[in-house]
Amino acid sequence: MGVGDQHWNQIQSEAVSACERDPSLNRLLKSVISESHGLEASLSRLLARKLATEWIGVESLEVEFAEVFATSAASGMRRDLQAIRDRDPVARGFLAPFLFFKGFHALQSHRLSHWLWNRNRELLAVHLQSRISEVFGVDVHPAARLGSGILMDHATGIVIGETCVIEDNVSLLHEVTLGGTGKETGDRHPKVRAGVLIGAGAKLLGNIEVGADAKVGAGSVVLDSVPPRCTVAGVPARIVARAGGHMPAFDMDQVFPHSFEDGSGI
């Protein structure tokens, strides 16, 4: 049995238990879980219903989602779901994040908008970006390249620009901005390497690199590249610790020293 089957089997089991505890959930869980043939079909149905409009209906979007989840996006989706279970103490199983966590929904919806963008269907991709922003409060440009095992915790107010790259196993909290510094064109947004933790409200601006296993303190404004395995904080951000733990995105520990390690910027 594959990892994906394990996720789906657990979601189905949790759905049965939820219906027994609260029959008012029967209609939702029957439509999304019981009547779906697998994780991809279930998520396609759920997201299509959340994002449909009078102009682009549920059936059309469900087909598009099913097509993208027939690609490697499906494995990324499963790793994102597992990331929530592993890193978010609120998640006591898979069912609630799968059904209700808007960071997960926004991320999977971006997988479709990015897939459309790369197939020269840019207007539909931007339409979907707009709907994701309206429904989930997360604005990710369709061209942005996102890896897997990503956690958008709470997610409200996250903004990710066009030329941004986020590698695998990154955690971002609410109100994080990965943006540009003005009207420049071309490659102008941050590159976030694997294992990075970015605290709530942090603003990372410009074509900078956040090295692997780095940590960005909440509320920081990062204008220069961050070396790997360093913790930065402040406005503007400065290095406050070096040689931190492996993959702080997994630990979700946002505590950092109160005094700077040195007086220099980054």
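Which residue is the bridge partner of lysine 191 in strand 11? The model that settles this is a predicted one, in which local features need pLDDT of at least 70 and side-chain atom pairs count only at pLDDT 80 or more, while totals for chains, interfaces and linings use all residues. Residues are numbered from 1 along each chain as its sequence is written, and side-chain values use heavy atoms, with hydrogens and water left out.

The partner turns out to be glutamate 209. Strand 8 (residues 191–192) and strand 11 run parallel and are joined by two bridges; strands here are DSSP runs of E with at least two residues, helices are runs of H or I with at least four, and both are numbered from the N terminus. Two strands count as paired if DSSP finds at least two bridges between them. In general, strands of a sheet pair through backbone hydrogen bonds, either parallel or antiparallel.

The loop between strand 7 and strand 8 holds histidine 189. This histidine has a relative accessible area of 6%, so it is buried (buried means under 20%, exposed over 50% and partly exposed in between, with a 1.4 Å probe and protein chains only). Beyond its neighbours within four places in sequence, histidine 189 is in contact with Gly161, Glu162, Thr163, Cys164, Leu178, Gly179, Gly180, Gly206, Asn207 and Ile208, where contact means heavy atoms within 4.5 Å.

Strand 14 (residues 230–233) is covered on both faces: Cys230 and Val232 are buried on one side, Thr231 and Ala233 on the other. Strand 14 pairs with strand 12 (residues 215–216) in the parallel sense over two bridges, with threonine 231 as the bridge partner of lysine 215. With strand 15 (residues 238–242), strand 14 runs antiparallel, joined by four bridges, and cysteine 230 stands opposite arginine 242. The hairpin of strands 14 and 15 has four residues between the strands, and its glycine 234 takes a positive phi near 110°.

As for the helices, helix 7 (residues 102–117) and helix 8 (residues 122–136) have axes that come within 8 Å and cross at roughly 170°; axes are lines fitted to C-alpha atoms over the stretch in contact, and angles run from 0 to 180 degrees between N-to-C directions. That makes the two helices roughly antiparallel (over 145 degrees; under 35 is roughly parallel, 65 to 115 roughly perpendicular and the rest oblique). Among the residues making this contact are His105, Leu112 and Trp117 of helix 7 and Leu124, Ile132 and Phe136 of helix 8.

Buried residues of helix 3 include Leu39, Arg45 and Leu51.
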